[in-house]
Amino acid sequence: MQENKQKYTVYLLCLFLLLAFLLSALFLAAEAGHRCSGEDCPICVCMQLAERVLRQIGGAVLGAALLLFLLPSVRRRCRIPETDRTPMTLVSQKVRLDD
């Protein structure tokens, strides 16, 4: 149960990373030819922030895309078996504690 929760959390974070990358790129493309109102132009400030987002997460987007799209298909093809998750105890190892 905990493993599924972690897996979905990772997928959700990767999806948000890709979404931030795509929305920043779309904003820059949409506002590329805007009329600047001067030195304190709010659109120019937003464009600088979008450029910074693209520079900072550019490399991570490739990893996120690989994780989202390629890892599930590789796991299905390889059919990795689930490991036994039973805890290792003295009883399971058949250790005698009496002398």
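Visitor: Where do I start with burial?

Guide: Buried means under 20% relative accessible area, exposed means over 50%, and partly exposed lies in between, using a 1.4 Å probe and protein chains only. With a relative accessible area of 10%, Val61 is buried. Before we go on, this is a predicted model: local features need pLDDT of at least 70, side-chain atom pairs count only at pLDDT 80 or more, and totals for chains, interfaces and linings use all residues. Residues are numbered from 1 along each chain as its sequence is written, and side-chain values use heavy atoms, with hydrogens and water left out.

Visitor: Which residues is Val61 in contact with, leaving aside its neighbours within four places in sequence?

Guide: Contact means heavy atoms within 4.5 Å. By that rule, Val61 is in contact with Leu17, Leu18 and Phe21, its neighbours within four places in sequence left aside. Val61 sits in helix α2; helices are DSSP runs (H or I, at least four residues), numbered from the N terminus. Val61 and Cys14 are 47 residues apart in sequence, yet their C-alpha atoms are 7.9 Å apart in space.

Visitor: Is Ser24 buried or exposed?

Guide: Ser24 is buried, at a relative accessible area of 11%. This residue of helix α1 touches Ala50, Val53 and Leu54, not counting residues up to four places away in sequence.

Visitor: Which residues form the nonpolar patch on the surface?

Guide: Like charges are joined within 9 Å, and nonpolar side chains (Val, Leu, Ile, Met, Phe, Trp, Tyr) within 5 Å. Here the nonpolar patch is formed by Leu12, Leu13, Leu15, Phe16, Leu19, Leu23 and Leu26, with about 710 Å² of accessible area together; such areas come from the Shrake-Rupley method with a 1.4 Å probe, and for residues only the protein chains shown count as cover. Leu26, in helix α1 (residues 2-30), counts as exposed at 57% relative accessibility.

Visitor: How many disulfides are there?

Guide: A disulfide is a pair of cysteine sulfur atoms within 2.5 Å, and by this rule the count is zero. Cys41 is in no disulfide; the nearest cysteine sulfur, that of Cys44, is 3.8 Å away.

Visitor: What is the phi of Lys94 near?

Guide: Most residues other than glycine have a negative phi. Lys94 has a positive value, near 60 degrees. Lys94 lies in the segment after α2 (42-78) and is exposed, with a relative accessible area of 75%.

Technical notes. Helices (H or I, at least four residues) and strands (E, at least two) are DSSP runs, numbered from the N terminus. Patches are made of residues with over 30% relative accessible area and no salt bridge: like charges are joined within 9 Å, nonpolar side chains (Val, Leu, Ile, Met, Phe, Trp, Tyr) within 5 Å. A salt bridge is a side-chain nitrogen of Lys or Arg within 4 Å of a carboxyl oxygen of Asp or Glu.
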